[in-house]
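Hi,

Here is the structure I promised to pass on.

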Amino acid sequence: MSESILQIRDLTVTFATPLGPLVAVRGVDLDVGAGELVAVVGESGSGKSVSFLAAMGLLPSTATVQGSVMLDGVQLVGASAKQMRSVRGRLLSMIFQDPLSALNPVHRIGAQISEMLRAHQKMSERAARARAVELLEVVGIPQPGDRAMQYPHEFSGGMRQRVVIAMAIANSPKVLIADEPTTALDVTVQAQILEVIQKVQKQFGTAVVLITHDLGVVARVCDRVNVMYAGRFVERAAVSDLFDAPTHPYTRGLLASLPQAGKERLVPIVGFPPNMLRPPSGCAFRARCADAISDCEHAVPELRAVGAAQSACIRAAELMQPR
Ligand SMILES: Nc1ncnc2c1ncn2[C@@H]1O[C@H](COP(=O)(O)OP(=O)(O)OP(=O)(O)O)[C@@H](O)[C@H]1O
Ligand SMILES: [Mg+2]
């Protein structure tokens, strides 16, 4: 891996709720190399969004964030609101599933992008407008000069997501967090948006963290995958290793539930993720795991090296032997 641009250490996020403290993220570590495209995968509620909203300083005041998030040498945990405003959009950008929420309905697209540019760079109005049109071209919007004069409602969902990407990369951030950027789009448009994200990564050297519940998306574009379950990473591996030889029963479950050509039916993972207000002792996956043994109840398994991957299953090496 190249020099790490984003280093997350022991990140823990606790929400104060009427039912008591809910620990949504439990001691997460992650390194993202400069210019790398990594995936974070997991079921709904596993803590994917909360981890990166914490890094962005975008969680509500009911959240307590502990641990360390270093971005290009800058500590983001505990940074002031002013520091975070300077970091967001300039060093670190995030895009979401619903592009409309990121766009202002009453302003023209070009004006919104140039405003983003001028928020962080000394630039004339005119230069910013010209750069906005260039950015629309980068993300594959046809007739970018004319389109810059239009409003968000005049764009299709896929085109809006391109606009949001243009805004997110306007100030050449070091890291782009893409949180389910294609989930709301139909399949052909999904592929196009992934291509735009890959183009940005390659052309500008932007590191990308792609958050998704879809391993099919991961297989297409990512270098490394981090699998999250109940607020922790339970497996990390190169994409090809993860597909060829998954080390964690949860990852095997995710792969089995993936639609594949020639496969008759999908096998969903049985059961539900644990209640994060009252997580079970030991391995959080054990209640759903066909391979669980009594030792799985005792301690929370740490990520350990298994071949070239890391796995938080105490039986990883044993279960990977051909049976
Ligand atoms: N503002 C909040 N207050 C209390 N609990 C929250 C809050 N936001 C998220 N949570 C809880 O934190 C946990 C992790 O949520 P998160 O949104 O990170 O999941 P996710 O992995 O992104 O899921 P999805 O795939 O559905 O987007 C969940 O149990 C969720 O209910
Ligand atoms: Mg989410």
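Predicted model: local features only at pLDDT ≥ 70, side-chain atom pairs only at ≥ 80, totals over all residues.

Four strands make up an open sheet in the order E2-E1-E4-E5, and their pairing is antiparallel. The edges are taken by E2 (20-33) and E5 (74-75); each has a single partner strand, so one side of each has no neighbour in the sheet. E1 (residues 4-17) runs antiparallel to E2, and eleven bridges join the pair.

Now for ligand 1. It has 16 residues around it, and the closest are Ala 24, Ser 44, Lys 48, Ser 49 and Val 50. E1, E2 and helix H1 (48-56) are the elements that each supply two or more residues to this shell. H1 gives the most, with three residues. By type, the shell around ligand 1 splits into nine polar residues, six nonpolar and one charged.

The other thing to look at is helix H6 (residues 157-169). Its 13 residues reach 19 Å from the first C-alpha to the last, close to the 18 Å expected. Eleven of those 13 are buried, so H6 is largely enclosed by the rest of the structure. Among the buried ones are Arg 160, Gln 161 and Arg 162, along with Val 163, Val 164 and Ile 165. What do the buried residues of H6 pack against? Their neighbours are strands E6 (92-95) and E7 (175-179), plus helices H3 (109-120), H4 (125-138) and H7 (187-204).

Cheers

Definitions and conventions:
Residues numbered from 1 in each chain as written. Chains lettered and ligands numbered in written order. Pairing = 2+ DSSP bridges. Near = placed C-beta within 6 Å. Nonpolar A, V, L, I, M, F, W, Y, C, P; charged D, E, K, R; others polar. Expected span 1.5 Å × (residues − 1). Buried ≥ 20, exposed ≤ 12 C-beta atoms within 10 Å, placed from the backbone. Contact = placed C-beta atoms within 7 Å.
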